Amino acid sequence: MSGRVRSVSGEAVLARAYLEHAVHELLRQPDLNGDAIALAARILDVEDILSETMGAAATVPPCGGAAQFVTAAVYHLVLAADPVSESALTELQQILVEMHDHGQR
C-alpha cells in the first residue's frame, strides 16, 4: 500500500488482488468445521462482483495471512469510493468480523 495516487479503478483492481491472496490463504488452512471454506466462498463472491466491472486483478506482494489480505482489500476499496466498491465493503467488513470470531489469520 504505497503512497502513490492511483485511479479509482486501480484501487479496486488492487483490492481484488488482495482478495485472491486471502482466498488462497483460507484454502491452505486445515478446516475441520468448514469455516475457512465458507469464508473463502464469500470472498470469491465479492471478487466476482468486482471483476464484472474492474477486469483482471493486479499483482500484489504477500502481506500476511487471510485477515491481513482482506484488510488491505478493504483499504483499497475505501479509496476507490465507487458504488461497486461500497457494496463490496459491506460484505468484506462482515467477513472480517467473522474471521476474527473464528480465529482466522
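A nonpolar core is a set of buried Ala, Val, Leu, Ile, Met, Phe, Trp, Tyr and Cys residues joined through side-chain atoms within 4.5 Å. Buried means under 20% relative accessible area, exposed over 50%, and partly exposed in between (1.4 Å probe, protein chains only). This is a predicted model: local features need pLDDT of at least 70, side-chain atom pairs count only at pLDDT 80 or more, and totals for chains, interfaces and linings use all residues. Residues are numbered from 1 along each chain as its sequence is written, and side-chain values use heavy atoms, with hydrogens and water left out.

View 1. Helices (H or I, at least four residues) and strands (E, at least two) are DSSP runs, numbered from the N terminus. The pattern along the sequence reads α-α-α-α. The chain has 105 residues, and 41% of them count as buried. Contact means heavy atoms within 4.5 Å. Take the contacts between residues at least 6 apart in sequence: 78% of these join residues at least 24 apart.

**View 2. Confidence along the chain is given by pLDDT, the predictor's confidence in each residue, from 0 to 100.** The chain average is 81. A score of at least 70 is reached by 85% of the residues. Residues 1-8 stay under 50. For that stretch the model has nine contacts beyond four places in sequence.

**View 3. The largest nonpolar core holds 33 residues.** Leu-26, Ile-43, Val-70, Leu-77, Leu-92 and Met-99 have the most contacts inside this core. Two or more residues come from each of helix H1 (8-28), helix H2 (35-54), helix H3 (66-80) and helix H4 (83-101). H1 gives the most, with 10 residues. In soluble globular proteins, nonpolar side chains tend to be buried together.

**View 4. Val-70 sits in helix H3.** Its relative accessible area is 0%, so Val-70 is buried. Set aside the neighbours within four places in sequence, and Val-70 is in contact with Ala-22, Ile-43, Leu-92, Leu-96 and Met-99. Val-70 and Ile-43 are 27 residues apart along the chain, and 8.6 Å separates their C-alpha atoms.

**View 5. His-76 also has its place in helix H3.** With a relative accessible area of 1%, His-76 is buried. Leu-14 is 62 residues from His-76 in sequence, yet the two are 6.7 Å apart in space, C-alpha to C-alpha.

**View 6. H2 and H4 have axes that come within 10 Å and cross at roughly 165°.** H2 is therefore roughly antiparallel to H4. Axes are lines fitted to C-alpha atoms, for helices over the stretch in contact, and angles run from 0 to 180 degrees between N-to-C directions. Angles under 35 degrees count as roughly parallel, over 145 as roughly antiparallel, 65 to 115 as roughly perpendicular and the rest as oblique. H2 passes H4 in a left-handed crossing. Left-handed means that the near helix is turned anticlockwise from the far one by less than a right angle; clockwise is right-handed. Residues making the contact include Leu-39, Ile-43 and Val-46 of H2 and Ala-88, Leu-92 and Met-99 of H4.

**View 7. H3 and H4 have axes that come within 10 Å and cross at roughly 155°.** That angle makes H3 roughly antiparallel to H4. Their crossing is left-handed. Among the residues in contact are Val-70, Val-74 and Leu-77 of H3 and Leu-89, Leu-92 and Leu-96 of H4.
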